[in-house]
Amino acid sequence: MAVEQETLVEENATKREEARSLWGDAWRDLRRRPIFLISALLILLLIIMSIFPWAFTDANPRKADLVHDYLKRPDWTDFFGAGWFGYDAQGRSIYARVVYGARASITVGIFVTAGVTLLGGLTGMVAGYFGGAVDAVLSRIIDIFFGVPLLLGALVLLNGFSSRTVWAVVLALVVLGWTQIARVMRGAVLTVKQADYVMAGRALGAGTGRLMVRHILPNAVAPVIVVATIALGGYIATEATLSFLGIGLQDPTISWGIDIASAQKVIRTAPYVMFFPAAALSVTVLAFIMMGDAVRDALDPKLR
């Protein structure tokens with residue numbers, strides 16, 4: 001009797017080990033990937049920098065001294081000081097502006113990603129689950145918005161705002177950027193809703209809301225997370241592009257795109273004025289793309 005009980009315990013333990021979830025396997029895989037660890041550390045640093053910029057520098061990013069600090073070259077001995085990266089054409093600390101500029105970029109990236117994921121995910125899930133006329137109408141709406149280039153559409157929308165703040169940029173990008181997530185979610189739902197466990201839930205009398213939230217969404221959200229993570233870096237780059245063109249964020253908001261645009265006039269005599277904000281932008285976008293690639297590889301069983 002005791003031997004049989006011990007055998008049952010071992011079999012149950014083996015079954016639990018075999019029935020590991022996709023998310024558990026993905027997390028175990030991610031922890032072994034140097035790309036994920038490096039990108040996660042960079043993103044964590046950028047988020048902390050955007051929330052607590054004064055912890056990285058005590059310099060005022062808006063303080064301008066044209067008499068003493070006009071295009072002053074970087075002082076490599078002044079670690080984390082106001083003159084570490086030098087000064088721009090208005091006599092402002094480049095290092096301080098790089099630190100404080102992270103807030104606008106990270107805010108835009110996170111809130112745009114959250115907005116397009118919510119709007120696109122909900123639209124795609126409804127279209128894929130109900131099908132028929134609902135799917136046809138929503139798919140045509142998705143196609144209409146998908147046909148508008150994100151950058152061009154944002155230029156047109158932002159021209160209608162009298163004050164182009166961070167939230168105006170977020171709204172413009174959310175309105176135009178949700179279609180890719182909607183398409184991915186719709187395709188995933190069309191696949192998942194044919195699964196046996198969904199059929200069984202429907203046969204047992206589970207309602208539409210319960211089926212969508214408890215059964216379909218958890219099993220269809222993986223590709224959406226991958227696309228959203230990679231797209232986040234693209235939204236940050238789009239915000240910087242809009243600010244560079246003079247249509248995005250405006251002073252007194254501190255943005256890497258604004259600083260890159262203002263550095264064009266002195267790029268030949270003082271290239272460091274453009275180099276540091278451009279480098280910060282590139283590292284930020286690269287970090288999110290690297291994380292998205294790592295998450296994609298971890299969630300796709302074919303790539304393990």
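In which hand, left-handed or right-handed, does α5 pass α8 in a crossing?

Tutor: This is a predicted model. In it, α5 passes α8 in a right-handed crossing. The contact draws on Ala104, Thr107, Val108, Phe111, Val112, Gly115, Val116 and Leu119 from α5. From α8 it takes Val166, Trp167, Val169, Val170, Leu173, Val174 and Gly177. Two packed helices are described by the angle between their axes and the distance between those axes. Helix α5 covers residues 94-130, and it packs with α8 at an angle of about 35°, the axes being 9 Å apart.

The end of α8 leads on to an aromatic contact. Phe145 and Trp178 form a tilted aromatic pair, with 5.5 Å centre to centre and 55° between the planes. Phe145 belongs to helix α6 (residues 132-146), while Trp178 sits in the loop between α8 (166-177) and α9 (179-192), so the pair ties together parts that are 33 residues apart in sequence. Trp178 counts as buried because its relative accessibility is 6%, under the 20% limit. Phe145, at 29% relative accessibility, counts as partly exposed.

α9 in turn packs against helix α12 (residues 222-244) at an angle of about 160°, with the axes 9 Å apart. Angles over 145 degrees count as roughly antiparallel, so α9 and α12 are described that way. The crossing of α9 past α12 is right-handed. On the α9 side the contact residues are Gln180, Ile181, Val184, Met185 and Ala188. These meet Pro223, Val224, Val227 and Ala228 in α12.

Tyr129 is buried, with a relative accessible area of 11%, whereas Phe130 is partly exposed, with a relative accessible area of 45%. Tyr95 belongs to a cluster in which ring pairs link it with Trp76, Phe79, Phe80, Trp84, Phe85, Phe275 and Phe276.

Note on methods. Residues numbered from 1 in each chain as written. Predicted model: local features only at pLDDT ≥ 70, side-chain atom pairs only at ≥ 80, totals over all residues. Heavy atoms only, no water. Buried < 20%, exposed > 50% of the residue type's maximum accessible area, 1.4 Å probe, protein only. Phe/Tyr/Trp six-rings, centres within 6.5 Å; stacked < 30°, edge-to-face > 60°. Helix = DSSP H or I, 4+ residues; strand = E, 2+ residues; numbered from the N terminus. Axes fitted to C-alpha atoms, helices over the stretch in contact; angles between N-to-C directions. Parallel < 35°, antiparallel > 145°, perpendicular 65-115°, else oblique. Left-handed = near helix turned anticlockwise from the far one by under 90°. Contact = heavy atoms within 4.5 Å.
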